[in-house]
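Biologist: I am new to this structure and would like to learn how to read its features. Please take them one at a time.

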Amino acid sequence: MNVRQVVQQAEQLMEQYLDDLKTMVNIDSGTYTKRGIDRVGAYLQERFQSFGFSTRIDRQEQYGNHLVAAHTGNAPQGPRILLIGHIDTVFPAGEVERRPFVISQQNGRHIATGPGVLDMKSGVLIGLYGLHILIEAQQANYQSVTFVCNSDEEIGSPSSRPLIEELARQSDAAIVLEPGRAKATVVSSRRASGQYRVEVRGVSAHAGVEPQRGRNAILELSYQVQKMQALNGTVPGTTLSVAVIHGGERMNVVPDYAYFDMDVRASDQASLNALETAMRQVTLQNRLQGTSITLSGSMLCQPFERNKINERLVKLVKAAGSELGLKIQDVGSGGASDANTTSAMGIPTLDGLGAGGGLAHNPGEYIELDYLPTRIALVAGLVRRIPGNP
């Protein structure tokens, strides 16, 4: 099967693909909506099985269940490939009723909208259909493919990370199906993501009778917020954003405790170390005498860096794109994904193989429909090119 035949086969499967996508999008599956996530997982389990995969459910109590599907290929000495896609979204229960799956035309483009359509239910199906085409054409030239659909990526994969790490250790390469930016784009690096907290302790007092005896933790916190936020952009490759503030319990009490939480991103370890040093320097200096300040937190995942190991897959996907008439561009992203986990383990990793579109995590989220068959063919072409023990 040549590349044109792969695209043609994908085009013939579009009606079925879109039926699957509509079904999945029209199920509320926010990270904390376990019942909905489990429904999406059960639906996908049937689809994987119908395409010749064996499946198992990794059951969870707090979060939705994870689905693991596996297929044995035609090449005993071929590569062991891991595909990763998440089935949780950032949207609350009831979002589907407000804006269900819709196909429309805008500015001459055919698009689909709905909660999670871009990030990343369409990507999961791109991987599934790409593999299905290879299997049907008897071109599953790999030792094995394992596909994990996890339920908690949008909050950092707390329950699925051990599962992903276990499967990655048994794999020669990892393909992550987060959204692509455009028809000819993949993601070859991502920043590390972390959460940090600054806490201020002061002294409580009666706000009306003797406020001078108090040390207002919120007042000191306000100075810390401004100084910490000023660090944003001062270290190349990093971002810092004060995101949550809390302080005070009663109107008539000078507050003795307050805190704020920050989102921190870093492109590499050296940049992270430099930013953490600057953050500590800020908290060593209080403006309001009698208050104390502490900094805590850490990175939730390590950087997914564009290194020599991952460069192998970049070259392979560019070759696959060339066969499709595409000049593939590999780009970086400020957001983290499960690619950060597999790359940090030394597993050759490539991300952004999902659908093209825009406005992820936004009610206007959409995917481009016209080049979905090409994206499916790109994944199939990449899988075909990965050598054993790369």
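Modeller: Start with the loop between β4 (102-106) and β5 (109-113), where Asn107 is placed. The model is predicted, and in it phi of Asn107 is near 50°, a positive value in a residue other than glycine.

Biologist: Is Asn107 buried or exposed?

Modeller: The cut-off for exposed is over 50% relative accessible area. Asn107 has 78% relative accessibility, so Asn107 counts as exposed.

Biologist: How many of the residues of α5 are buried?

Modeller: The number is 19 of the 20, so α5 is largely enclosed by the rest of the structure. Helix α5 spans residues 117-136. Met120 lies in this helix, and the peptide bond from Asp119 to Met120 is cis, with omega near -5°.

Biologist: How do I read the packing of two helices, and at what angle do α2 and α5 pack?

Modeller: Look at the angle, the distance between axes, the handedness and the residues in contact. An α-helix has 3.6 residues a turn, so residues three or four places apart point the same way. Helix α2 (residues 14-25) packs on α5 at about 140°, and their axes are 10 Å apart. Angles over 145 degrees count as roughly antiparallel and 65 to 115 as roughly perpendicular, with the range between them oblique. The pair α2 and α5 is therefore oblique. Their crossing is right-handed. On the α2 side, the contact is made by Gln16, Tyr17, Asp20, Leu21, Met24 and Val25; on the α5 side, by Val117, Lys121, Ser122, Leu125, Ile126 and Tyr129. By class, this contact of α2 with α5 has eight nonpolar, two polar and two charged residues.

Biologist: What is the orientation of α2 and α3 to each other?

Modeller: The axes of α2 and helix α3 (residues 34-50) come within 10 Å and cross at roughly 160°. The two helices are therefore roughly antiparallel to each other. The crossing of α2 and α3 is right-handed. Gln16, Asp19, Asp20, Thr23 and Met24 of α2 meet Val40, Tyr43, Leu44 and Arg47 of α3. The contact of α2 with α3 divides into four nonpolar, two polar and three charged residues.

Biologist: How far apart are the axes of α5 and α11?

Modeller: The axes are 8 Å apart, and α5 packs on helix α11 (residues 372-385) at an angle of about 60°. The pair α5 and α11 is therefore oblique, and the crossing is right-handed. From α5, the contact takes in Ile126, Gly127, Tyr129, Gly130, Leu131, Ile133 and Leu134; from α11, Leu372, Arg375, Ile376, Val379, Ala380, Val383 and Arg384. The contact of α5 with α11 has ten nonpolar, two polar and two charged residues.

Biologist: Turning to cysteines, how many disulfides are there?

Modeller: A disulfide is a covalent bond between the sulfur atoms of two cysteines. With a cut-off of 2.5 Å between cysteine sulfur atoms, the count comes to zero disulfides. Cys149 is buried, at a relative accessible area of 0%. Cys301 is buried too, at 10%.

Biologist: Which residues is Ser193 in contact with?

Modeller: Leaving aside neighbours within four places in sequence, Ser193 contacts Asp263, Val264, Arg265, Met299, Leu300, Cys301 and Ala336. Ser193 is placed in strand β9 (residues 192-201) and is buried, with a relative accessible area of 9%.

Biologist: Finally, where is Arg181 found?

Modeller: Arg181 is in the loop between β7 (173-176) and β8 (185-190). At 40% relative accessibility, Arg181 counts as partly exposed. Sequence distance and spatial distance are read separately. Arg181 and Val331 are 150 residues apart in sequence and 8.8 Å apart in space, C-alpha to C-alpha. Not counting residues up to four places away in sequence, Arg181 touches Val187, Arg190, Ser333 and Gly357.

How values were computed
Residues numbered from 1 in each chain as written. Predicted model: local features only at pLDDT ≥ 70, side-chain atom pairs only at ≥ 80, totals over all residues. Heavy atoms only, no water. Buried < 20%, exposed > 50% of the residue type's maximum accessible area, 1.4 Å probe, protein only. Axes fitted to C-alpha atoms, helices over the stretch in contact; angles between N-to-C directions. Helix = DSSP H or I, 4+ residues; strand = E, 2+ residues; numbered from the N terminus. Parallel < 35°, antiparallel > 145°, perpendicular 65-115°, else oblique. Left-handed = near helix turned anticlockwise from the far one by under 90°. Contact = heavy atoms within 4.5 Å. Nonpolar A, V, L, I, M, F, W, Y, C, P; charged D, E, K, R; others polar.
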